[in-house]
Amino acid sequence: MTDTQAGGDVRLSGISKNYGSFQAVHPLDLTVPQGSFFALLGASGCGKTTTLRMIAGLEDPTTGTVFLGDRDVTGLPPYKRPVNTVFQSYALFPHLTIYENVAFGLRRRGIKSVKKQVGEMLDLVELGDFAQRKPHQLSGGQQQRVAVARALINHPQVLLLDEPLGALDLKLRRQMQLELKRIQTEVGITFVHVTHDQEEAMTMADTVAVMNGGRVEQLGAPAELYENPHTTFVANFLGTSNLIEAEVVSTSAGKVVVSAADATLRLPADRCATAPTTGGKILVGVRPEKISLLHADEAAQITDGRNRLTGTITASSFIGVSTQFVIDSPVCPDLEVYVQNIERDVRLVPGARVVLHWNPEHTFGLDAAQDIDAGVETVGESAS
Amino acid sequence: MRWLRRNIVVFAGLLTLAYLILPNIVVMVFSFNNPAGKFNYSWQEFSTEAWQDPCGVADMCGSLVLSLQIAFFATIGATVLGAMIAFALVRYRFKARGAINSLIFLPMAMPEVVMAASLLTLFLNLGAQLGFWTILIAHTMFCLSFVVVAVKARVLSMDPRLEEAARDLYAGPVQTFLRVTLPIAAPGIAAGAMLAFALSFDDFIITNFNSGSTVTFPMFVWGSAQRGTPVQINVIGTAMFIIAVLIVVVAQLISSRRKHSAQSK
């Protein structure tokens, strides 16, 4: 099914893009291994689409080189690169039938007998019955699949996806995520996927590069990024993090002890993004689902060696599988805690005094010299 | 009363339609007249004489052929140049873009008589010989603005990503233009071309100033109206009208059949 050769990595070396005095992408080195599903994740305007367009050849980099395998393709126009794109708006040709849309790339390369290939490709995306229709007669999800088929039929070395699911509703998006993942596994082509949806990136990609302000903040497997964020931006943009400003009391034997307001907390030294120094500041982070919540009357149950904080519930919202609490604590006025609805304690209502506790291993440390709210998404952005 | 209120929109529509079509019907009806004198202004009796001999009036068919020739070449010139201007204005950012966007409207805003007189001044100062070529140059010029406006509207509504998608799918610049840009812009270009043809074929004022001794069809009609109007003028008018209607009907049929077959498959 594929004609990709070994060594078909995408390698960006020192690539950057300026628009006048605005630097959309700062010099960037990135390697996407052949056959992987790679996601560029970030808010709008972070440079992710520009990076993708430079790989496609639709944008000329200001500096740097684009390699496909060992081949330098920086100077090649898009129609000479073995790379195809699925556009955000799909960009299906409105004057051509679905069949002719899918056959377009083959025909331009002078391939005469396209019937079999087009038929197979339409079957792969389950649109065999729609070959003679025009794009406007199809639903959004069907158009999206045509866009994928039109690109994949060319067996590109790399398939670029520019927010391909952005225009679909939530249910269809979930379905298409699985569908795309299935197709990628089936054809084995390298996928580079641009998205602002962190859940989408984590569900689909093997490797995620989180971009912010034209730079890659952090790169790694989804679980690695989620558990060990290196910056506040990553900690807040991927899921939710409770970040607490603290002062380092001591560091010894791989354990860091910090104090914040009335509490003393511990965390492993190897989970600190920067080496902590005694007396220095650090941001202590913990994910909301790692925290357990107890009513203050039962504080005695908590075993030694766990991190603990006290506070008052200010808000709670029941969302079925779990309940999300907001807790006002001396160390932080709006700690978030997600509690699984296994055995619900009816005393945990707004106004109740509570104790929060968690395994110190689940704590991470970040450099305190950065914006603690970086990457916190507003409601409008996450919905779009 | 209630019935009237409910159907008032239909009435208004029908009245407006009648207002539009009545003059055309008069042209058609009087092409079958057999006038008593030289002027075809009052109904006498039914006759197909003029239809049997449409070129029976001296010089009329010659002027008609000339008008069609000029309209044909002016349409081609104005459409090619106008479409290129429209693409340039929409797709590229350059220094004088705003100024050119406004300048395009200048020929449309200028009173035609003034334009005609000024063109004559220009041609005389250049020492040009008035005739076919001066008419063609003038017609191409004033049709240009209309083509630009029609094509620009279409290109503006075109997603630039379609051309990017074509380039991404191995189409070079020429293929991209022929396979994607041109077919999608075609309705705008066709509308501009038809407008240009109608404007050129029709034009009297500018032509009258810049034609020298050459006589186009509108000039022939005007000239003959001083001495008497031959029925053949109505015959030509009716024929043109019927051809135009036929073109529209055939185009509609083709597009509706295409849509139908696309849906039934």
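Let me start with a definition: two strands pair if DSSP finds at least two bridges between them. Helices (H or I, at least four residues) and strands (E, at least two) are DSSP runs, numbered from the N terminus.

What you see is a predicted model, in which local features need pLDDT of at least 70, side-chain atom pairs count only at pLDDT 80 or more, and totals for chains, interfaces and linings use all residues. Residues are numbered from 1 along each chain as its sequence is written, and chains are lettered from A and ligands numbered from 1 in the order in which they are written.

First topic, an open sheet. In chain A, five strands make up this sheet, ordered β15-β19-β16-β17-β18, with antiparallel pairing. At the edges are β15 (292–295) and β18 (332–340) of chain A; each has a single partner strand, so one side of each lacks a neighbour in the sheet. From one strand to the next, the twist averages 45 degrees; axes are lines fitted to C-alpha atoms, for helices over the stretch in contact, and angles run from 0 to 180 degrees between N-to-C directions.

Within chain A, β16 (residues 307–318) and β19 (residues 353–358) run antiparallel and are joined by six bridges. There, T312(A) has R353(A) of β19(A) opposite.

Next topic, β11. In chain A, strand β11 (residues 242–252) is antiparallel to β14 (residues 281–286), with six bridges joining them. E245(A) faces L283(A) of β14(A) as its opposite residue. β11(A) also pairs with β12 (residues 255–260) of chain A, antiparallel, over five bridges. V248(A) has V258(A) in β12(A) as its bridge partner.

Which residue takes a positive phi in the hairpin of β11(A) and β12(A)? A253(A) does, near 50 degrees, and the hairpin has two residues between the strands.
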